[in-house]
Amino acid sequence: MTTADWIAIRLTAQLAATSTLLLLLIGTPLAWWLARTRTRLKPLAASLVAMPLVLPPSVLGFYLLLLMGPNGPVGRLTESLGLGRLPFTFGGLVVASVLYSMPFVVQPLQQAFEAIPERALEAAATLRAGPWDRFLTVAVPLARPGFVTAAVLGFAHTVGEFGVVLMIGGNIPGSTRVLSVAIYDHVESGEFADAHRLAGGIVVFALAVLVTLYVVNRPPRAPAGGTR
Amino acid sequence: MKLRPLFSLIGGLLLAAVPAAHADEVAVAVAANFAGPLARIGEGFTAATGHTLKISSGATGMFYSQITAGAPFEVLVAADDETPKKLVAEGKAVNGSNFTYAIGKLVLWSAKPDFVDAQGGVLAHGTFSHIAIANPKIAPYGQAGLEVIKARGLSDALTPKLVTAESIAQAYQFVASGNAELGFVALSQVAVPGKPVVGSYWLVPANLYGQIRQDAVLLKAGEKKAGAAALLTYLKSAPALAVIEAYGYSH
């Protein structure tokens, strides 16, 4: 394993961790709203969140490149805020990853929130728990498997991101050259041994993550001494 | 008589669907930078021989991996001379069939008018934050761009500003969208026949970088196909060379 490969691995972990954190911060209120709202806009909002599932990454990458470029509205905004331009930067990849992995975080959370029985929240309300209190002490613990799934899928999906990063990253070691791009480069250059080391590692990682997820989120068996 | 174009279109489609005797459909893998010219050459080729082309465009390195894995391409029109040589050596291409069909010309290009001067002085004196280049490990044009930067003694100054694209097609896209102020691309991308030149460019003198030889080769899958061999012959013909030159290559 070369130093460049280790740098790519560390960068990928940083990108996935940062994106997952932001996704949980943004995704939790969004999923809560989607689970509870009765507005007629709900199908539209849910569709927007799910878009990255059906859009080819090249479409997302292409539009992000244009939107975040010097002639795009987002690019003009970030420049006028003194943030510079997002393409070819770590920050740009974070923004892209948050958009790209959004459904993988919001959907499990939304399903978990929807599964919480209304009477659990009503019971808490009759005990004079405020909305915040109800959310933190009733909804969040009950939705714990949803949070685990959301975090794991958000992280893993960001690690597996390729097309969008390829289109807006610029392959800069240490700031945008993530694992999937490094593997692509090795394959393109005919360095199959190096490609195997990284690609094999990713396969093992993905399998380990998913097995862990399914083990952790397994429906609890009847506890000892419980129902017979 | 608005229907007449429709009828002639249908007629044309029918003609195309009923191939002439012994007309082949040749599966060609072509380097992205030569896809445009090849499509133009293909028109003349079909008119002259009756054979048609099924063109897949992409990165030469990717095609190499696909061909070694058994992809059904019959001709490879590559962006370098190494890949065809390697395929011949590995027995995936027909011995002695590789030849240089075009020599690429490198330009330093910006989408902004007057940004790049005719001597390329912008490299040393210009204010820019990103310069796009195709991945030098993979793309000969990227390698050539690095050589130019080195020849100008600017490696230390410019390395932090380099953004690497997977191909010159993507390098072009980085510059065209304005995300990189300038970049090294092929003349064939900037000076397209029949289209006005966008922005400004410096045609890099050929002595600043190693020759970019683009070779074509007959692959094993096309060995017994008359149309595939005919295409390689046609690439050396006067009408094909005229198109190649018009698109900014020498030969």
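## Two helix pairs in chain A

In this predicted model, helix 2 (residues 42–54) of chain A packs against helix 5 (residues 90–114) of chain A at an angle of about 115°, and their axes are 7 Å apart. Because of this angle, helix 2 of chain A counts as roughly perpendicular to helix 5 of chain A, and the crossing of helix 2 of chain A and helix 5 of chain A is left-handed. The residues that make the contact are A:V49, A:A50, A:P52 and A:L53 on helix 2 of chain A, together with A:L99, A:Y100, A:M102, A:P103 and A:V106 on helix 5 of chain A. Sorted by class, the residues of this contact of helix 2 of chain A with helix 5 of chain A are nine nonpolar, no polar and no charged.

A second pair consists of helix 8 (residues 144–159) of chain A and helix 11 (residues 192–216) of chain A, whose axes come within 10 Å and cross at roughly 175°. Angles over 145 degrees count as roughly antiparallel, and therefore helix 8 of chain A and helix 11 of chain A are roughly antiparallel to each other. Helix 8 of chain A contributes A:V148, A:T149, A:V152 and A:A156 to the contact, while helix 11 of chain A contributes A:A206, A:V209, A:L213 and A:V216. The contact of helix 8 of chain A with helix 11 of chain A has seven nonpolar residues, one polar residue and no charged residues.

## Chain A as a whole

Both pairs belong to a chain in which there are 11 helices and zero strands. The C-alpha trace of chain A spans about 65 × 50 × 30 Å along its principal axes, and of the 228 residues of chain A, 37% count as buried. If one takes the contacts in chain A with a separation of 6 or more, 72% of them are between residues 24 or more positions apart.

Most residues other than glycine have a negative phi. In chain A, however, A:F88 has a positive phi of about 70° although it is not a glycine, and A:N171 likewise is not a glycine but has a positive phi of about 50°.

A:F88 is placed in the loop between helix 4 (73–80) and helix 5 of chain A, whereas A:N171 is found in the loop between helix 9 (163–168) and helix 10 of chain A. A residue is buried if 20 or more other C-beta atoms lie within 10 Å of its own, so A:F88, with 26 other C-beta atoms within 10 Å, is buried. By the cut-off of 20 or more, A:N171 also counts as buried, because it has 23 C-beta neighbours inside 10 Å.

## The open sheet of chain B

Chain B contains an open sheet of five strands, which have the order 7-6-8-5-9 with mixed pairing. Its edge strands are strand 7 (162–165) and strand 9 (200–203) of chain B, each of which pairs on one side only. On average, and with direction ignored, neighbouring strands of this sheet are turned by 30° against each other. Within the sheet, strand 6 (residues 131–134) of chain B and strand 8 (residues 182–186) of chain B run parallel and are joined by two bridges, and B:I131 stands opposite B:L182 in strand 8 of chain B.

Helix 6 (residues 140–151) of chain B packs on the sheet and touches strand 5 (106–110), strand 6 and strand 8 of chain B, with a direction that makes about 130° with that of strand 6 of chain B. Helix 8 (residues 168–176) of chain B lies across strand 5, strand 6, strand 7 and strand 8 of chain B, and it runs at about 145° to strand 8 of chain B.

## Strand 10 of chain B

Strand 10 (residues 212–218) of chain B is mostly covered, since six of its seven residues are buried. Strand 3 (residues 75–77) of chain B runs antiparallel to strand 10 of chain B and is joined to it by three bridges; here the bridge partner of B:L76 is B:V217. Strand 4 (residues 99–104) of chain B is also antiparallel to strand 10 of chain B, and five bridges join the two, with B:A216 as the bridge partner of B:F99.

## Where the chains meet

The contact between the chains takes 17 residues from chain A and 16 residues from chain B. On the side of chain A that touches chain B, helix 3 (57–68) and helix 10 (179–188) of chain A each supply at least two residues, and the largest share, three residues, comes from helix 10 of chain A. By class, this side of chain A has eight nonpolar, six polar and three charged residues.

Definitions and conventions:
Residues numbered from 1 in each chain as written. Chains lettered and ligands numbered in written order. Predicted model: local features only at pLDDT ≥ 70, side-chain atom pairs only at ≥ 80, totals over all residues. Helix = DSSP H or I, 4+ residues; strand = E, 2+ residues; numbered from the N terminus. Buried ≥ 20, exposed ≤ 12 C-beta atoms within 10 Å, placed from the backbone. Contact = placed C-beta atoms within 7 Å. Pairing = 2+ DSSP bridges. Axes fitted to C-alpha atoms, helices over the stretch in contact; angles between N-to-C directions. Nonpolar A, V, L, I, M, F, W, Y, C, P; charged D, E, K, R; others polar. Parallel < 35°, antiparallel > 145°, perpendicular 65-115°, else oblique. Left-handed = near helix turned anticlockwise from the far one by under 90°.
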